[in-house]
Each structure stands twice: as structure tokens, then as C-alpha cells.
Amino acid sequence: MVFRRRDRRSPLRVIAELLWPRGGWGRAFLYVKHRVRRLPDSPERIARGIAAGLFTTFTPFYGLHFVVAASLARMMNGNILASLSATFFGNPLTYVPIGVISLQTGHWLLGSQPVAEVDASLADKFLAAGKDLGYNIYAYATGVPVDWTGLVIFYHEVFYPYMIGGILPGIITGVIGYILSVPVIRTYQQHRKRKIKAKFEAIKKKAELAAMNSPHAPSNTKPPSRSPKVRRPD
């Protein structure tokens, strides 16, 4: 295939680069920001896509963030590519604080008691829920009795409060992202248009200059006109 990588990465390398990109998260962030600003769309639509992506990072649908962000962007008439890029806001460096904020807000809104040391147990609870789900799928396939106790506890203690609590901070973050993105993207697009226009003007002037200095260029000087000969009378 044309777009296949020349160096095939091992599964461990793929996981390692997912947790920490080769150039670091700072370089990855700059790359995403550059790609978003160069999208061929209006600043408002791009900003709506960014807002949808930022909101999605506060939802507990890990593994489906691209689907959720694209669906929200479509409903908001936003740029889908911008929404997918904005989900980069949720990464291994921000998942824990995002989860803590969403869970604490969810328990506060529901009036329930938050789990002690939620920041330390959040990843363990997600892993335990995934392990429990995998076991029950295996149990269905082999006829072994299933046990949904762990997933029920996970739903009531983590997933449901996370889903409810992520709405408010997700909306706030999305609105802030929209407000900040519109003027930045508009200024960048205008600057880029002026730069491209100036570049084309320079190329045009250079081509005209080269045509004038070419030895094959047509001369503008007219040949001197000959005066008509006067015929003398015989």
C-alpha cells in the first residue's frame, strides 16, 4: 500500500508512543494546533468542532471519543476533523485530573458520597471493569455462570457520576475553547491569505521581469520609417 509505514512498529512500541509520542506531548500539541488552524473552513465551524472535541474528553466513553466527538460536531454543524483533533486534549497527562473533576462534580450533583482517593483508584476501577467485562464475554461463550457485580459497582460508583459530572465542566471547557479559537483562527487565516497573496505577487513580478530581460522578448522599438522617394519629372 502507498501509505503503509516502512518501519513496522511492535505492539509495545505502539503503546509506548500512545502514552508518550516520539517528539513529546509539547511537539504533538503544536502539530495538532498547526493542523487545526490550516483547516479549509470558516473560523466558527472549526471552533464549534473544537468545542465538541473538548466536551468529549470529559465523557467516560473511552475508546469511543472519536465517534462521540464526530457525532457532536455534526449535530452542532462544526468541523468534524477539528473535533477529532481537539480530543487530543484528553491524553494520559490529563485523564486523571479530568476524571477527578468529573467524578467529584457528579457526586456533588447527585448528592452521593464520593469514593475515597478517587484519583488513585480511577484507573484501577476502569481496568477492573474491563477485566470483568472480558470475563463475562468468555463466560457467555463457554457456558460458565456470569457475574455482573463488579460492573454494577463500577457503574454506580464511577461511570454514572462521571457521565453526569462531566457535562458541566465539559460545557465550560468547550465554550472557553470556542471563544478563544474563533479570533485566533480568523487572524491566522487572514495572515495566511495575505502571505499567500504576497507570494503569488512576488512570483508574478519575477516572471514578468524574466520575460522582459529574455533575449527572445519582442522589442518595443519600431524600425525607422523610410521617407517615400519623390519621382522627378522627366
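Ser 83 sits in helix α5. Helices here are DSSP runs of H or I, at least four residues, numbered from the N terminus. This is a predicted model; local features need pLDDT of at least 70, side-chain atom pairs count only at pLDDT 80 or more, and totals for chains, interfaces and linings use all residues. Residues are numbered from 1 along each chain as its sequence is written, and side-chain values use heavy atoms, with hydrogens and water left out.

Back to Ser 83. Its relative accessible area is 0%, so Ser 83 is buried. Buried means under 20% relative accessible area, exposed over 50%, partly exposed in between, with a 1.4 Å probe and protein chains only. What does Ser 83 touch, leaving aside neighbours within four places in sequence? Gly 49, Ile 50, Ala 52, Gly 53, Ala 69, Ala 70 and Ala 73. Contact means heavy atoms within 4.5 Å.

Next, two loop residues. Asn 77 lies between α4 (65-75) and α5 (80-86). Most residues other than glycine have a negative phi. Asn 77 is not a glycine, yet its phi is positive, about 55 degrees. Its relative accessibility is 45%, so Asn 77 counts as partly exposed.

Thr 59 is in the loop between α3 (43-56) and α4. Buried or exposed? Thr 59 is buried, at 9% relative accessibility. A polar atom of the Thr 59 side chain lies 2.6 Å from the backbone oxygen of Thr 56. Beyond four places in sequence, Thr 59 contacts His 65 and Tyr 162. The C-alpha of Thr 59 is also 8.3 Å from that of Ser 102, 43 residues apart along the chain.

Tyr 162 takes us to α8. Buried residues in α8 include Tyr 162, along with Leu 151, Phe 154 and Val 158. Where does α8 bend? At Tyr 155, by about 50 degrees. The bend is the angle between axes fitted to the seven residues ending there and the seven starting there.

Last, the packing. The axes of α8 and α9 (residues 167-213) come within 5 Å and cross at roughly 35 degrees. Met 163, Ile 164 and Gly 165 of α8 meet Ile 167, Leu 168 and Pro 169 of α9. Axes are lines fitted to C-alpha atoms, for helices over the stretch in contact; angles run from 0 to 180 degrees between N-to-C directions.

Key:
Polar contact = N/O pair within 3.5 Å; in protein donor to acceptor, adjacent residues only side chain to side chain.
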